[in-house]
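Please read it alongside the sequence and the coordinates.

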Amino acid sequence: MSNVTYLNPIKFENMEAERKHRKERLAGAFRLFSKFGFSEGVAGHITVRDPEYTDHFWVNPYGKHFSEITVSNLILVNENGDIVEGEKSLNGAAFAIHSEIHKARPDVIAAAHAHSLYGKTWASFGRLLDPISQDACQFYNDHALFDDYTGLVYETEEGKRIAETLGKYKALILRSHGLLTVGESVDSAAWWFITMERLCQSQILAESVQKPILIDEKSALIAAEQTGTEYEGWLNFQPLWNKIVKEEPDLLL
């Protein structure tokens, strides 16, 4: 008999409760990204699909530091890039990339992208991550490489190409740019980004010493099935959520 206790994602009584939950988790994800040092000026964005208006998404207002994000200052954007709720401006790259991802992937509830230090450093190599550790197997056969940097992404056509390259995967390495992750919840999308950033750091450190030993394909596939599921992504975010709400309860305002 297994001694593992499983936590269950929250069930919602109505649309308003689910919207509130998604916005709270989104604000919490931004605070965590700030804690982990993922902010870089005005770059970076996390989005969550609205549960009622599914072609709309919530996103951070342009120019506001991740550490200052609260539920009340998130903005709601429609499929045309119009701000339908909120008073601040929208990052053009956020719309160009995220609108196409949400359009191409109905299963994606949230998407995260930031110019984190190790992510953008690893992205300069134009390589996928290798299965050098159990944690790295979370992305084994489940991430892709967008190997075509052409400058800042302001056009939806470029966003469409990014979405096409992402395909069915949960993560994308944007060469010379950074990392992008998606999930069926803010929780999983944020966790995949956090752990992927650390995996980039881990492989850079390992390769600075010598060539790391790769986990064999059979074992990597088993580990991927154990650690790379949507549930595991959601689950791993929960301790971080509990910690950030305790430390920074104003994010819920």
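## Overall architecture

The protein contains seven helices and eight strands, where helices (H or I, at least four residues) and strands (E, at least two) are DSSP runs numbered from the N terminus. Its radius of gyration is 18 Å, close to the 18 Å that the globule rule gives for 253 residues, so the protein is as compact as a globular protein of that length; the radius is taken over C-alpha atoms, and the rule is 2.2 Å times the number of residues to the power 0.38. This is a predicted model, in which local features need pLDDT of at least 70 and side-chain atom pairs count only at pLDDT 80 or more, while totals for chains, interfaces and linings use all residues. Residues are numbered from 1 along each chain as its sequence is written, and side-chain values use heavy atoms, with hydrogens and water left out.

Along its principal axes, the C-alpha trace spans about 50 × 50 × 30 Å. Of the 253 residues, 51% count as buried, a class that means under 20% relative accessible area, with exposed over 50% and partly exposed in between (1.4 Å probe, protein chains only). The protein exposes about 12,300 Å², of which carbon and sulfur atoms supply 51%; these areas come from the Shrake-Rupley method with a 1.4 Å probe, and for residues only the protein chains shown count as cover. Among contacts (heavy atoms within 4.5 Å) between residues at least 6 apart in sequence, 69% join residues at least 24 apart.

| Helix | Residues | Length | First to last C-alpha | Expected span |
|---|---|---|---|---|
| H1 | 15-35 | 21 residues | 30 Å | 30 Å |
| H2 | 92-104 | 13 residues | 18 Å | 18 Å |

In H1, 16 of the 21 residues are buried, so this helix is largely enclosed by the rest of the structure. Its N-terminal end is capped by Asn14, a side-chain oxygen of which lies 3.2 Å from the backbone nitrogen of Glu16. Just after H1, Gly37 takes a positive phi of about 80 degrees. Within the helix lies Gly28, which is buried with a relative accessible area of 0%. Leaving aside neighbours within four places in sequence, Gly28 is in contact with Trp241, Ile244 and Leu251. The C-alpha atoms of Gly28 and Val71 are 8.7 Å apart, although 43 residues separate the two in sequence.

H2 is likewise largely enclosed by the rest of the structure, because ten of its 13 residues are buried. Those buried residues include Phe95, Ile97, His98 and Glu100, and the buried residues of H2 pack against elements including strand E1 (45-49), strand E5 (110-114) and helix H4 (156-166). At the start of H2, a side-chain oxygen of Asn91 reaches to within 2.9 Å of the backbone nitrogen of Ala93.

His98 lies in H2 and is buried, with a relative accessible area of 0%. Its side chain is joined to that of Thr47 by a polar contact of 2.7 Å; such a contact is a pair of N or O atoms within 3.5 Å, and within protein one must be able to donate a hydrogen and the other to accept it, while residues adjacent in sequence count only if both atoms are side-chain atoms. Beyond residues up to four places away in sequence, His98 touches several others, among them His45, Phe57 and His113.

## Aromatic rings

Rings of Phe, Tyr and Trp (its six-membered ring) pair if their centres lie within 6.5 Å, and planes under 30 degrees apart count as stacked, over 60 as edge-to-face and the rest as tilted. By this rule the count comes to ten aromatic pairs. The rings of Phe36 and Phe38 have centres 5.8 Å apart and planes at 20 degrees, so this pair is stacked. Phe36 counts as partly exposed at 29% relative accessibility, whereas Phe38 counts as buried at 4%. Ring pairs link Phe30, Phe33, Phe36, Phe38, Phe66 and Phe193 into a cluster.

## A residue in helix H6

Ala224 is placed in helix H6 (residues 217-227) and is buried, with a relative accessible area of 14%. Not counting residues up to four places away in sequence, Ala224 touches Cys137, Tyr140 and Thr229. The C-alpha atoms of Ala224 and Tyr140 are separated by 6.1 Å, while the two residues are 84 apart along the chain.

Terms used:
The expected span of a helix is 1.5 Å times one less than its number of residues.
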